[in-house]
2 protein chains.
Amino acid sequence: MNLSERKWCGWGLKQSPDLLKDKRNSFWNWLRELSGFTELPHTLPVDINSISLNEPTLPSTLISELETKISQGKITSEPIERIIHARGKSYLDTLALRSGNLPDVPDIVIYPQTKEEVIEVIRWALFNNVAIIPFGGGTSVVGGVNPIKGQNHIGIATLDLREMNRLINIDTKSRIACAESGIEGPHLEELLQKEGFTLGHYPQSFEFSTLGGWVSARGAGHQSIRYGKAEDWFVGAEIISPPGPWKTEAFPASAAGPQIKDLIPGSEGTLGIMTDIEFRIHPLPQEKYYNAYIFPSFEAGIEASRQLMQTDIPLAMIRLSDAQETFFYTAMQMGGGDPSSLPKFCLMLIGLEGDSPCITAGRQIIESIFANHQAISLGEGIADQWFQQRFLLPYLRDEMLDYGLGVDTLETATRWNQLLDLHEAIHKAIQETIENDPDQKPQFPIVMAHISHAYLDGASLYFTFVFPRSLKDPSQQWHRIKNSASHVIRYHKATISHHHGIGTDHKQWLTGEKSALAYELLRQIKYQIDPKNILNPGKLF
Amino acid sequence: MNLSERKWCGWGLKQSPDLLKDKRNSFWNWLRELSGFTELPHTLPVDINSISLNEPTLPSTLISELETKISQGKITSEPIERIIHARGKSYLDTLALRSGNLPDVPDIVIYPQTKEEVIEVIRWALFNNVAIIPFGGGTSVVGGVNPIKGQNHIGIATLDLREMNRLINIDTKSRIACAESGIEGPHLEELLQKEGFTLGHYPQSFEFSTLGGWVSARGAGHQSIRYGKAEDWFVGAEIISPPGPWKTEAFPASAAGPQIKDLIPGSEGTLGIMTDIEFRIHPLPQEKYYNAYIFPSFEAGIEASRQLMQTDIPLAMIRLSDAQETFFYTAMQMGGGDPSSLPKFCLMLIGLEGDSPCITAGRQIIESIFANHQAISLGEGIADQWFQQRFLLPYLRDEMLDYGLGVDTLETATRWNQLLDLHEAIHKAIQETIENDPDQKPQFPIVMAHISHAYLDGASLYFTFVFPRSLKDPSQQWHRIKNSASHVIRYHKATISHHHGIGTDHKQWLTGEKSALAYELLRQIKYQIDPKNILNPGKLF
Ligand SMILES: Cc1cc2nc3c(=O)[nH]c(=O)nc-3n(C[C@H](O)[C@H](O)[C@H](O)COP(=O)(O)OP(=O)(O)OC[C@H]3O[C@@H](n4cnc5c(N)ncnc54)[C@H](O)[C@@H]3O)c2cc1C
Ligand SMILES: Cc1cc2nc3c(=O)[nH]c(=O)nc-3n(C[C@H](O)[C@H](O)[C@H](O)COP(=O)(O)OP(=O)(O)OC[C@H]3O[C@@H](n4cnc5c(N)ncnc54)[C@H](O)[C@@H]3O)c2cc1C
C-alpha cells in the first residue's frame with residue numbers, strides 16, 4: 001500500500017487508467033447533450049494545500065501518552081493524513097472533499113501494527129473518552145468512516161488498519177484461512193493464489209478495500225454466487241472491544257444457541273475492532289466459463305436468471321443489465337447513441353467456475369433454459385472485455401464530477417416475484433426526482449440498473465444515475481433523489497442495502513426495515529459492548 | 001396428530017414397527033452377552049395411572065380468566081396431559097417418566113389455535129408471572145421442554161403449538177413457503193409435495209417433531225447438505241414476545257446491519273413464540289441416487305468425505321459409520337457377531353439429489369475420488385434399506401430400557417483436520433467411563449459413531465453408546481458419561497452440540513464455548529426481550 005500514489009479525493013490511483021480511449025470526445029459530447037448543457041462546466045476539486053483544518057481538540061498530552069504505548073505503529077496528525085481519513089468514497093463524501101470544506105476531520109490517525117497495540121488504543125480511548133473510527137480501505141459509500149463524535153467525547157482518532165496485513169495461516173484441508181483484517185484485496189489474493197487458493201471476493205472496490213471492511217459492511221463480490229457474500233464466507237474473528245479481546249464461535253455448524261458471530265458482519269466497527277479474521281477459501285477452479293447474452297426484455301432475463309439460480313450448476317455470477325444500462329454501455333463503447341429510440345434488449349453476463357464435468361453439465365442446462373427465453377449468445381469476447389475492465393468504471397465518476405455532473409449508485413434486494421415491480425418503481429422515483437429538480441434539469445435523465453447478485457429466492461438491484469449537478473446545493477439535490485428511491489424501497493419492503501451497508505446514510509431507514517423491537521435489540525447489544533459509544537459513533541445507531 | 005396413538009413415555013407410536021423381525025431373540029441374547037448379564041433384567045416403566053401429581057399451583061381464577069380469552073383453543077389440566085408434557089425425549093427425560101417420579105409437571109397445557117390467542121397467553125403470563133414452556137413435538141433431547149419456573153413465577157403453563165399447523169402459502173417462484181410453527185413433519189411434507197415441493201428436512205425425529213422445534217433447536221435433517229440445516233433454510237418468522245408481536249427480516253440478502261433473524265435459530269423458545277415461519281422449499285429432485293460403500297478405515301472414509309464435500313456435485317447426504325457402528329449394524333442384521341475380532345472397515349452411505357445432468361457428473365466424480373481410497377460399492381440395495389428403516393431405530397431405545405440397559409447419543413462438530421483426533425478422544429472418554437462405572441460393568445462396551453452431517457470445512461460426529469444401566473442411580477451414571485465426553489469436546493474446542501441444542505443439559509458448557517463476553521451478550525438480549533423470564537426459563541440461560 002502506497003498512499004502517495006492514490007488520489008486524495010477521488011477513486012484509486014492518481015495515474016488513472018484510460019477507459020474511454022478514442023471515444024473520449026464523442027462520449028463527453030454525448031453526455032453533455034443528454035444532460036442538457038450547451039457546454040460542460042469545469043468543476044474541479046480545490047487544491048489540497050489550500051484546505052485549512054481546525055486544530056485537533058485532543059490534548060497533546062494525551063497523544064503523547066498514547067505514543068508511549070504504540071511503539072511499532074505510527075500516530076500522526078499531519079494535515080494530509082487527517083484529510084484523506086476525513087471521508088470515505090460516497091458521493092457526499094467526495095463532494096465534501098472536493099469542496100475543501102471539512103469542519104470535521106479526525107484529530108489523529110493511528111496505524112497500529114499489532115493486536116496488542118489495538119488493545120492499547122481501545123483502553124486509552126475508553127479511559128479518555130475518545131471516539132475511535134475503524135478505517136479499512138476507506139471505500140465505504142455510506143459514510144461509514146466519517147469522523148463523528150459521540151456525547152462527551154473529547155476528540156476523534158481514526159484507526160487505519162492497513163499496516164495489519166499479514167496472512168496468518170491457511171488450513172488447506174478445512175479450507176479456512178486466517179488473515180489480519182487490514183489486508184487489501186490484491187495483496188490477500190496474491191498470497192492465497194500462491195498456494196493455489198482464492199477467497200474469491202471481488203467487489204468493484206477490490207483493489208483498495210480490505211478484508212475487515214468487507215466483513216464489517218456485509219459486502220458482496222462479483223462472484224458471490226459461488227464464493228458467498230461476506231457473511232457467508234466469514235468464519236469467525238478475534239475482536240477487540242471495550243470489555244476486552246474475545247473470539248467469536250467458528251464451527252462448521254453448531255446448535256449451541258444463537259451464534260454471536262452472526263452479529264459481526266454488518267456491525268460496521270460499532271461492536272469492536274476485528275484484528276484476525278478467519279474465512280473460507282477455495283482452490284482455484286479447474287475451469288471457468290464466462291459468456292454474454294442478449295435477452296429480448298428485462299423480464300425475460302429475470303425469469304432466466306431465476307431458473308438458472310434454481311438449478312444445481314456451479315454458477316459464479318449472473319449480471320443482468322436493464323435496457324437503459326445495456327444502452328448506456330453500448331453508447332460508451334460506441335461514443336454515443338440515440339436515447340429517444342431506446343432498444344428493449346438486455347445484456348446478461350454469466351460465469352461458471354468449478355469442476356470441469358460440472359461446468360460441462362452446466363453449459364448444457366444453461367443452453368436449454370436460455371433457448372426458452374430467446375436469448376442470443378454474444379460469445380465469450382464481450383464477457384472477457386467486462387472482466388478486463390471491471391475495476392475501471394469508478395474512475396469515470398471523478399471525471400463526471402469535474403464536468404458539472406453528479407453520479408451515484410444505490411442498491412437493494414428483494415424476492416424474485418417482486419423484482420420487476422421494484423425495478424420499475426425505483427427507476428421511476430429516481431427519474432422523476434431528477435427530472436423535477438428545481439436547480440438543474442437534464443435533457444434525458446440517465447437512470448439504469450442491473451441485477452448484481454442472485455440467490456435462490458431473489459436478487460439484488462443496483463442502480464446508477466447520472467444527472468446535471470446542482471451547483472447551488474448538490475448535497476440537498478442528492479438527498480432528494482436518495483429519499484425518493486429509499487421511500488420506494490421501504491414501501492416495497494425491500495432492504496435499504498444489499499451490500500453497501502448503513503453507515504450514516506441509511507440509518508433513518510433501519511427501524512422501519514427491522515421493526516422497532518429488533519432495532520432496539522441491536523441498540524442494546526451495542527450498549528452492552530460499548531456503553532461509552534467510543535466505537536464508530538453515529539454509524540448504524 | 002392423534003396423541004392417544006402415541007406412547008406416553010417412549011418413542012413414537014404405541015404400535016411400534018418391528019425392526020428386528022426373526023433376529024429378535026439372537027439380537028437380545030447377543031446384547032445380553034456384550035453387557036455382561038447372565039439374564040437381561042426386566043425394568044418396565046410404571047403404569048401411568050399409578051402416577052400421582054402435585055396439585056397445580058396456578059390459582060383456578062387465573063385459569064378461568066385465561067379461558068375467557070382463548071375461545072378456539074383448549075386449556076387443560078388433565079393429569080395425562082400434564083404428564084405427557086412433563087418431559088421431552090432425552091434419556092434423562094425418559095428415565096424420569098418411566099419412574100413415575102414427577103415432582104415438576106406443568107400446571108396447565110394450552111393448545112392455542114391462532115396467533116391472537118398466543119398473544120393473549122403471553123399477555124396473561126406476563127401480567128401474572130407465569131412461566132410459559134413452548135412445546136412443539138416435545139422431541140427435545142436436551143431438556144428443552146421441561147417445566148421449570150423462574151424466580152417469582154407462580155406457575156407453569158406449557159404451550160403446545162401443534163394445533164397451529166396450517167400451511168399459509170407457497171411462493172413457487174421465490175421458493176419460499178410459510179407455515180404455522182406447530183406443523184409436524186409428515187403433515188408439512190404432504191402439503192408441500194402435493195404442490196411438487198419439499199422442505200427436505202428429515203431429522204430422525206421427523207415423524208413427531210415440528211417446524212417450530214426444528215428452527216428453535218437449530219436442527220439438521222439427514223439431507224442437510226442439500227437442503228440446509230434449520231438456520232440455513234429458515235427465512236424469517238413472526239414472533240410473539242413480551243414486548244409484542246414482531247417480524248424478523250426476511251430478505252434474500254442484506255447489508256442493513258446485523259440481521260436479528262440470525263438470533264432466532266437456536267433460541268429455544270427463550271426469545272418468543274414463533275407463530276408463522278417462512279422457509280426455503282425446493283422442487284422434488286429430478287433424480288436421486290443413493291449408494292453404500294465400504295472403506296478400509298474411518299480415516300480413509302473421512303478423507304473421501306472431505307474431498308466429496310469440496311466438489312461441486314449435488315450431494316444431499318454423507319453418512320460415514322466408524323468400524324464399531326458398522327459392526328453393530330451388521331450384527332443387528334445378522335443377529336450377532338464377535339466383538340473381539342472387530343473388523344476395521346467402515347460403511348458410508350451417500351446420496352445425490354438434483355438435476356439429472358449434474359447427478360451424472362456427480363457419479364463420475366465420486367467414482368474417481370473413491371477409487372483413490374479403496375472404497376468398494378455395496379450397491380444401492382443397502383442404501384435403500386437404510387432409507388426404509390431410517391425412522392425405526394429410536395424404537396429400539398425403549399426396548400433396551402425395558403431390559404435393564406441404558407442408551408444415549410451425543411453429537412458435536414469440528415473441522416476436517418481435527419475430526420479423527422476428536423473421534424478417538426470422545427470414543428475413549430465414553431468407553432472408559434462406561435468400563436469404570438462403579439455400579440455396572442459391561443463385557444464389551446458398545447460405543448459407536450458416525451459422521452452425520454458434512455460441510456466444506458468440517459463435519460459432525462454423532463455417538464451412540466449402550467451400557468448396562470445402573471439401577472441404583474441411573475441419572476448419576478449418565479452424568480458421569482456425559483461429563484467425560486463433554487470435557488473432551490470442550491478441550492478440543494469443538495461445539496457442545498451440532499444439532500440437538502442446549503436446553504438444560506448443555507448449559508454449563510456455553511460460557512466456555514462462546515466466551516464470557518458473547519454469552520453475557522446473549523443473556524442481555526434475553527433480558528431485553530423478556531425481563532420477567534417467562535419464556536422457557538432455565539433453558540439456554
Ligand atoms: C467504486 C466503489 C465500488 C464499490 N463496489 C462494491 C462492491 O462491488 N461490493 C461491495 O460489497 N461494496 C462495494 N463498495 C463499497 C465498499 O468498497 C465496501 O463497503 C467495502 O467492503 C469497504 O471496505 P473497506 O476496507 O474500504 O472498509 P472501510 O470503508 O474502511 O470501512 C467500512 C466499515 O467497516 C468498518 N471497519 C473497517 N475495518 C474494520 C475492522 N477491521 N474492524 C471493525 N470495523 C472495521 C469501518 O469503520 C466502516 O464502518 C464499493 C465502493 C466504491 C467506492
Ligand atoms: C429419536 C430422536 C431422534 C432425533 N433425531 C434428530 C435429528 O436427526 N436431527 C435433529 O436436528 N434433531 C433430532 N432430534 C432432536 C429433536 O427432534 C429436535 O431438536 C427437533 O428439532 C425438536 O423439534 P420439536 O418440534 O419436537 O421441538 P420441541 O422438543 O417441542 O422443542 C424444542 C425447543 O424449541 C422450543 N420451541 C418449540 N416450538 C417453538 C415455537 N414455535 N416457538 C418458539 N419455541 C419453540 C421449545 O421450547 C424447546 O426449547 C431427535 C430426537 C429424538 C428423540
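Some housekeeping before moving on. This is a predicted model, so local features need pLDDT of at least 70 and side-chain atom pairs count only at pLDDT 80 or more, while totals for chains, interfaces and linings use all residues. Residues are numbered from 1 along each chain as its sequence is written, chains are lettered from A and ligands numbered from 1 in the order in which they are written, and side-chain values use heavy atoms, with hydrogens and water left out.

**Stop 1**

Most residues other than glycine have a negative phi. B:Arg218 is also buried, with a relative accessible area of 5% (buried means under 20%, exposed over 50%, partly exposed in between, using a 1.4 Å probe and protein chains only).

B:Arg218 sits in the loop between α7 (211–216) and α8 (224–227) of chain B and B:Glu231 in helix α9 (residues 230–233) of chain B, so the pair ties together parts that are 13 residues apart in sequence. Like B:Arg218, B:Glu231 is buried.

**Stop 1: another positive phi**

Jump to B:Gln374. Phi is near 55 degrees here, again a positive value in a residue other than glycine. Is B:Gln374 buried or exposed? It is exposed, with a relative accessible area of 55%. You'll find B:Gln374 in the loop between α12 (356–371) and β15 (376–379) of chain B.

**Stop 2: strand β10 of chain B**

Select residues 273–280 of chain B, which make up strand β10. Eight of the eight residues of β10(B) are buried, so the strand is largely enclosed by the rest of the structure.

Bring in the neighbours next. Strand β6 (residues 176–180) of chain B pairs with β10(B) in the antiparallel sense over five bridges, and B:Ile176 stands opposite B:Arg280. Strand β8 (residues 234–241) of chain B also pairs with β10(B) in the antiparallel sense over five bridges, with B:Phe234 and B:Phe279 as bridge partners. Two strands pair if DSSP finds at least two bridges between them.

B:Lys115 counts as partly exposed at 23% relative accessibility, whereas B:Asp276 counts as buried at 8%.

**Stop 3: over to chain A**

Pick A:Lys23 and A:Asp22, whose side chains meet in a salt bridge (3.4 Å, N to O). A:Lys23 is partly exposed at 24% relative accessibility, and A:Asp22 is exposed at 66%. Then select A:Arg6, A:Asp160, A:Arg162 and A:Glu184, which are linked in a network of salt bridges.

**Stop 4: where the chains meet**

Colour by chain. The contact (heavy atoms within 4.5 Å) takes 85 residues from chain A and 85 residues from chain B. On the chain A side, the largest share, nine residues, comes from helix α18 (residues 516–529). Across the interface there are 10 salt bridges; for one, show A:Asp312 and B:Arg226, whose side chains meet at 3.2 Å, N to O.

Chain A can be laid on chain B with an RMSD of 0.0 Å by a turn of 180 degrees and a shift of 0.0 Å along the axis (least squares on the C-alpha atoms of residues with pLDDT of at least 70 in both). The two copies are thus related as by a two-fold rotation axis. The same surface serves both: 100% of the contact residues of chain A recur in chain B.

Note on methods
Salt bridge = Lys/Arg side-chain N within 4 Å of Asp/Glu carboxyl O. Helix = DSSP H or I, 4+ residues; strand = E, 2+ residues; numbered from the N terminus.
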